[in-house]
Amino acid sequence: MERSLRIGVVGAGLGGTTAAGLLQRAGFSVVLYDQMPAFSRLGAGIQLGPNVMKIMRRLGIEESMAAVANEPQYWCSRNATDGAYLSRIPLNADRARYQAPYITIHRGEAHQIMLGAVDVANVQFGKCLADLHVHDRGVRLSFMDGTSDDVDILIGADGLNSCVRAKLLGPEDPLFTGWIGHRGMIKASKLAGLDVGECVKWWSSDRHMMTYFLDHKKEEFYFVTGEPAESWPLGVSWVPSTHAEMHKSFAGYDPLVRAYIDAAENITKWPLYTRRPLPVWHRGRVVLLGDACHPMKPHMAQGAAMAIEDAAMLVRCMSEIETNDPNTCFEAYRHHRMGRASRVQEVSNANTWLRTNEDPSWVYGYDVYGIDLHA
Ligand code: FAD
């Protein structure tokens, strides 16, 4: 597509920020909008596999991310009650196979580094999209603050409750999965003397706790859980929780898990949502990526990864396919992404990933830049 086009990206989450950074590098004129006035250092961790780090390489930030993150050698699954090992799967211990690291990192840290890959002149915070109007020559964006802007192409990377998705397909509430997640941060000094694994998922029949370090120095430790829950109040994105509530939920778990709960600070509780598969990912000059089109339960730690892979594939299609027709580019993007995103969504929702020894290479070995766009 012509590099003179002005591309608007709504949503500066991990997917939208990747899209903006790669579009900028491909020579497009890009504006990245987000409703937030600024991003705070949300108390959460994220795992980013080699499939993502190959894209960070293209943004020029693979090394800066890896320098602050932890690089676990193995993924381990353990039985909740007796601590028995159910799986031990090489991550960085098999680095040569994947040609990129597997990192665990503070989510806010990762996001800041990614935003640093986008020219600040191209980022507009405090811009909450309220409406959009597609016309012959482009898309008019109207924001909650009363301002508007015109772009030639619009990328909706605005997450689970995407305004862009609602304008394309009509409003529809996301579906509560019947699961919630607790998140907690731990100062590693509080775990002195305990046999803390680098990247371990603790499993029982109906719930789990994922644990890992967030930094190179192993000073911050983190857990995120998956637990069944009957309901969640609509429109509430998270609530504070307590040690007592977690102890009740994880009664009978190994003493190490109970020590993590005791040591945790700022425990929060989050609903896990999904959506039915979307009938369309794009229409005219508007295209969706990430949670805006395929949210999933986070049990495979690949939700953000799929948003980032989407962004990379979309930018490849826009810059490498020789056409000025947005529909041709966007249809190629959908074609190359839908099967993989749906498969990951399915495995993630089933919550079986790496519970037993399996070969994870179809996920971590994927290289978006190795895909033949014309296949
Ligand atoms: P988001 O990250 O949701 O970003 C959307 C952006 O759009 C936000 O910045 C928002 O402010 C902005 N926005 C929204 N509406 C508007 C509007 N109207 N106007 C302007 N801006 C707007 N994934 C992993 O890969 N690894 C993990 O370890 C992992 N752990 C998780 C743990 C939990 C508990 C949960 C709930 C999810 C986890 N995920 C993980 C999933 C991951 O968080 C999401 O899949 C990912 O954030 C989706 O990225 P995105 O860019 O599509 O959307």
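Is D367 buried, partly exposed or exposed? In this predicted model, in which residues are numbered from 1 along each chain as its sequence is written, local features need pLDDT of at least 70, side-chain atom pairs count only at pLDDT 80 or more, and totals for chains, interfaces and linings use all residues. Side-chain values rest on heavy atoms, with hydrogens and water left out.

D367 is partly exposed, because its relative accessible area is 29% (buried means under 20%, exposed over 50%, and partly exposed in between, with a 1.4 Å probe and protein chains only). The residue is found in the segment after α11 (361-364); helices (H or I, at least four residues) and strands (E, at least two) are DSSP runs numbered from the N terminus. The side chain of D367 reaches the backbone nitrogen of Y369 at 2.9 Å. A separation of 38 Å lies between the C-alpha atoms of D367 and P240, which are 127 residues apart along the chain.

The ligand is surrounded by 32 residues, the closest being D34, R107, L129, D291 and A304; a residue belongs to this shell if one of its heavy atoms lies within 4 Å of the molecule. By class, the shell divides into 17 nonpolar, nine polar and six charged residues (Ala, Val, Leu, Ile, Met, Phe, Trp, Tyr, Cys and Pro count as nonpolar, Asp, Glu, Lys and Arg as charged, and the others, Gly among them, as polar). Oxygen atoms of the ligand lie 3.1 Å from an N or O atom in the side chain of Q35, 3.2 Å from a polar backbone atom of A301 and 3.3 Å from a backbone N or O atom of G303. Of the 1000 Å² of accessible area that the ligand has on its own, the protein covers 87% (Shrake-Rupley method, 1.4 Å probe). Two or more shell residues come from each of α1 (14-25), β3 (45-48) and α9 (303-320), and α9 provides the largest share, with four residues.

Within strand β3 lies Q47, which counts as buried because its relative accessibility is 5%. Its side chain makes a polar contact with the side chain of Y102 at 2.7 Å (a pair of N or O atoms within 3.5 Å; within protein, one must be able to donate a hydrogen and the other to accept it, and residues adjacent in sequence count only if both atoms are side-chain atoms). Beyond neighbours within four places in sequence, Q47 is in contact with residues including W75, Y102, C199 and A301 (heavy atoms within 4.5 Å).
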